[in-house]
Structure formats: structure tokens, C-alpha cells
Amino acid sequence: MTWHETLRAQLVDALRAVDPDAPTLCEGWQARHLAAHVVLRESSVTVGAGLAVPALAGAAERAIDELAQTATTPQGYADLVGRVAAGPPRWHPLSLAGDAANLVEFYVHGEDVRRGAGPAPDRDLDPGLVDALWKDVRRFARARTHRVPVGLVLVRADGPRTRVKGAKGDHGTVVVRGGAGELVLWLSGRGAASTVLAQGSPDDVAALAQRFPLP
């Protein structure tokens, strides 16, 4: 089963539940900016390239700001969120990318909106979605954390674990525990808003938190 369509619908629900100026976990972005980002990620070559090429990031940000500016009114915001719901045009590569490119994107952005104003009620995630998120945690955790000097083991709340990397120099290993979705948020830089628990020596936990904030 694929999950990105379900997560897109949940992101749309989260966007519709807040005002266009509602805060998100993305620094400097309100709900309308996040919606604009999703729309342009799926329709603009400039924004798509800007997500991967630092030299184009400025142009991408300007395009997002310009589109977000059209969504300051209730009708303008509703129209923009409607474009999020509609998804990418058939010619766009993301229309065929499925969960590989969209699962983490939509899950994280849904939580960006839900938790933007503070803690939000826990979500009861389908076991299949939990497994899909955990698969992605295992897939990208090593690349995300390769500069962290401590060893790292991730443990899912219901038991499964994965050893991500060994320690460097005099550092030891830190164990980070949490639900699969919480670990996704932590690895995506939203750790301060997550409910993960880090266990290790104080120095090692501090070294990890310098790059990946903790609650």
C-alpha cells in the first residue's frame, strides 16, 4: 500500500484547520508559505531545483513568498490549499514518485502545521504507516547524521531498533527512542517539537543535540 495520498489529505486537513497566518515549525513560514512551498515543489522547475541546488535557493524562496502573498485572504488561502489537494500535474516527475519522494515530505509538513502553535494531540498512526515511516528512518538516518561524532542507535517505541553509526574519537553512543513518526521529525530537524528520548552520557547527548535538537 502507498501512503502519500493519505498523508496529502491529512496535510490538507491540517492546513484547512488553521488561518493562513498560522505559525508552522518551518522557521519564517506561516501556513500559507508552507502551502505555497508544496504547490511550487510540484509545479515549478525553479523551486524544485532550489530545493537541491543552494545557488537557486534564493529564487525559490522569492517564488514561495510571491505565491504566499496571494493567500492572505480566506478565499485566496482556500484556493491555494485547493491546489495542494489537487497534487502535481501529470507531466511533473513527482506525479510518479509515490512514497519514495512524498511520504516523509507530507508527514513532516502535516506535523509542521499541527504543531506550529505548540504541542498537538497524539495521532493514532496506522501500523502500516508506522512501518513505512520506520523504513524511511532506516534509509536516510545514516546520511543525515554522518557528521555527528557520537555513535547512534535508533529504537522504535514498539521495539525495533537500528544501529545507524559508530562513534568517533572519544565519544560514545547515544540511543534515541520514539515513535517512528517522532524519529522522522527528529531527523528532519524538528526535534524540539518531537517526543523522542535520548539516552547516553551528558557530553554525547549534548554533542548530538548541537546538530539535531532534542525536546
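1. Arginine 115 counts as buried in this predicted model, because its relative accessibility is 12% and the cut-off for burial is under 20%. Arginine 115 sits in the loop between H7 and H8. Apart from residues up to four places away in sequence, arginine 115 touches Leu25, Tyr107, Ala120, Glu182, Leu185, Ala193 and Ser194. Of these partners, Glu182 and Leu185 also take part in the contact of H9 with H7, as does Tyr107 from the H7 side.

2. Valine 108 belongs to helix H7 and is buried, with a relative accessible area of 4%. Valine 108 touches Val184, Leu185, Ser188 and Arg190, residues up to four places away in sequence not being counted. From valine 108 to alanine 120 is a step of twelve residues along the chain, and their C-alpha atoms are separated by 14 Å.

3. Glycine 181 is part of helix H9. With 4% relative accessibility, glycine 181 counts as buried. Once its neighbours within four places in sequence are set aside, glycine 181 is in contact with Tyr107 and Leu133. Alanine 35 is 146 residues from glycine 181 along the chain, and the C-alpha atoms of the two are separated by 21 Å.

4. How do H7 and H9 cross? Their axes come within 10 Å, at an angle of roughly 85°. The two helices are therefore roughly perpendicular to each other, since angles of 65 to 115 degrees are classed that way.

5. The crossing of H2 and H7 is left-handed. H2 contributes Leu34, His37, Val38 and Arg41 to the contact, while H7 contributes Ala101, Asn102, Glu105, Phe106, His109, Asp112 and Val113.

6. Helix H1 covers residues 4-16, and its 13 residues should span 18 Å at 1.5 Å a residue. The C-alpha atoms at its ends are 18 Å apart, which agrees. His4, Leu7, Arg8, Leu11, Val12, Ala14 and Leu15 are the buried residues of H1. They lie on the same side of H1 because they cover an arc of only 160° around the axis. An α-helix has 3.6 residues a turn, so residues three or four places apart point the same way. Glu5 and Arg16 are exposed on the other side of H1. The buried residues of H1 pack against H2 (31-41), H5 (74-86), H7 (99-114) and H8 (127-144).

7. H5 passes the same length check: 13 residues at 1.5 Å each should span 18 Å, and the end C-alpha atoms are 18 Å apart, which agrees. Buried in H5 are Gly76, Tyr77, Leu80, Val81 and Val84. Viewed down the axis of H5, these residues fall within an arc of 130°, so they line one face of the helix. The face turned away from the buried side carries the exposed residues Pro74, Gln75 and Ala86. The buried residues of H5 pack against H1, H2 and helix H4 (57-69). Glycine 87 follows H5 and has a positive phi, near 80°.

8. Is alanine 22 buried or exposed? Alanine 22 is buried, because its relative accessible area is 14% and burial is set at under 20%. Alanine 22 is located in the loop between H1 and H2. Residues up to four places away in sequence aside, alanine 22 touches Gln30 and Ala31. Alanine 36 is 14 residues from alanine 22 in sequence, and the C-alpha to C-alpha distance between them is 14 Å.

How values were computed
Residues numbered from 1 in each chain as written. Predicted model: local features only at pLDDT ≥ 70, side-chain atom pairs only at ≥ 80, totals over all residues. Heavy atoms only, no water. Helix = DSSP H or I, 4+ residues; strand = E, 2+ residues; numbered from the N terminus. Expected span 1.5 Å × (residues − 1). Buried < 20%, exposed > 50% of the residue type's maximum accessible area, 1.4 Å probe, protein only. Arc of directions from axis to C-beta. Contact = heavy atoms within 4.5 Å. Left-handed = near helix turned anticlockwise from the far one by under 90°. Axes fitted to C-alpha atoms, helices over the stretch in contact; angles between N-to-C directions. Parallel < 35°, antiparallel > 145°, perpendicular 65-115°, else oblique.
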